[in-house]
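Here are my notes on the model you sent over.

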Amino acid sequence: ISDTNNGAPADDDETTIVHSDHSYIITKEDGPDPVEAGATLNYTITWTLIGNEPVTGIFIEDQVPAHTTFLSCGGGTSCGESGGVITWQLGDAPSGDANGVVTFTVQVESPLQDGLELHNQATIDDDDGDRATTSNDAVTTVHSDHELEITKTDDADPVEAGALLEYTITAEVMAGSNGFATGVVITDRIP
């Protein structure tokens, strides 16, 4: 700064600190719910980045739920499964705002106990380490059922008076059943 009165020149620097930040919202939906044991189960993860700073290396991770097998994933710039963890690469957000949807499908094991709950949760993160977990734990109830078959045979037939008569009883869970048969009790009246 200078003036017309031959004053001494002066300098003045002002420092302004700019504050910026970002955060995530992530939710998950599952379907069908309830799911049949042995059927496929689909998950949809919706994510939103809110902020005013550039963000790099955004990704989502999700553990494959217990009692299921990974089949496929979609969305993001790429996705894949390794060691039971599904990872979606979502890229960068130069403006600090972004959103999207990613999906994955699993095969539910069979047989399973009716009423078993499958729990699943996802996490979103970036190069800066601003991690967020799904606001809801997706809980899917497994439906399963079984059908029992019982047969009884006798030997010898016909039997002579006073001779030994032997019965064989066989019980089994029918093919195509997707549930466990627990606590099965067979009763038979003596002729």
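**Notes on the model**

1. Cys73 is partly exposed, at 22% relative accessibility, and Cys79 falls in that class too, at 29%. (Buried means under 20% relative accessible area, exposed over 50%, and partly exposed in between, with a 1.4 Å probe and protein chains only.) These two cysteines form a disulfide with their sulfur atoms 2.3 Å apart; the cut-off for calling a disulfide is a pair of cysteine sulfurs within 2.5 Å. The link of Cys73 and Cys79 is right-handed, with 105 degrees about the S-S bond. Searching the whole structure turns up one disulfide.

2. Before going on, a word on what you're looking at. This is a predicted model, where local features need pLDDT of at least 70 and side-chain atom pairs count only at pLDDT 80 or more, while totals for chains, interfaces and linings use all residues. Residues are numbered from 1 along each chain as its sequence is written, and side-chain values use heavy atoms, with hydrogens and water left out. The chain has a mean pLDDT (the predictor's confidence in each residue, from 0 to 100) of 87, and 92% of its residues reach 70 or more. Confidence is highest in strand 5 (residues 68-74), at 98, and lowest in strand 11, at a mean of 74. Strands here are DSSP runs of E, at least two residues long, numbered from the N terminus.

3. Now the sheet: five strands make an open, antiparallel one in the order 6-7-4-10-11. Its edges are strand 6 (78-82) and strand 11 (132-133), each pairing on one side only. Pairing takes at least two DSSP bridges; strand 4 (residues 55-63) and strand 10 (residues 122-125) have four. Ile60 has Ile124 as its bridge partner in strand 10.

4. Both of those isoleucines turn up again in the largest nonpolar core, which has 28 residues; Ile60 and Ile124 are among those with the most contacts inside it, as are Trp88 and Leu90. (Such a core is a set of buried Ala, Val, Leu, Ile, Met, Phe, Trp, Tyr and Cys residues joined through side-chain atoms within 4.5 Å.) Strand 3 gives the largest share, five residues.

5. One to click on is Lys28, in strand 1 (residues 22-31). Is Lys28 buried or exposed? Lys28 is buried, at 4% relative accessible area, and its side chain makes a polar contact of 2.3 Å with that of Asp62. (A polar contact is a pair of N or O atoms within 3.5 Å; within protein, one must be able to donate a hydrogen and the other to accept it, and residues adjacent in sequence count only if both atoms are side-chain atoms.)
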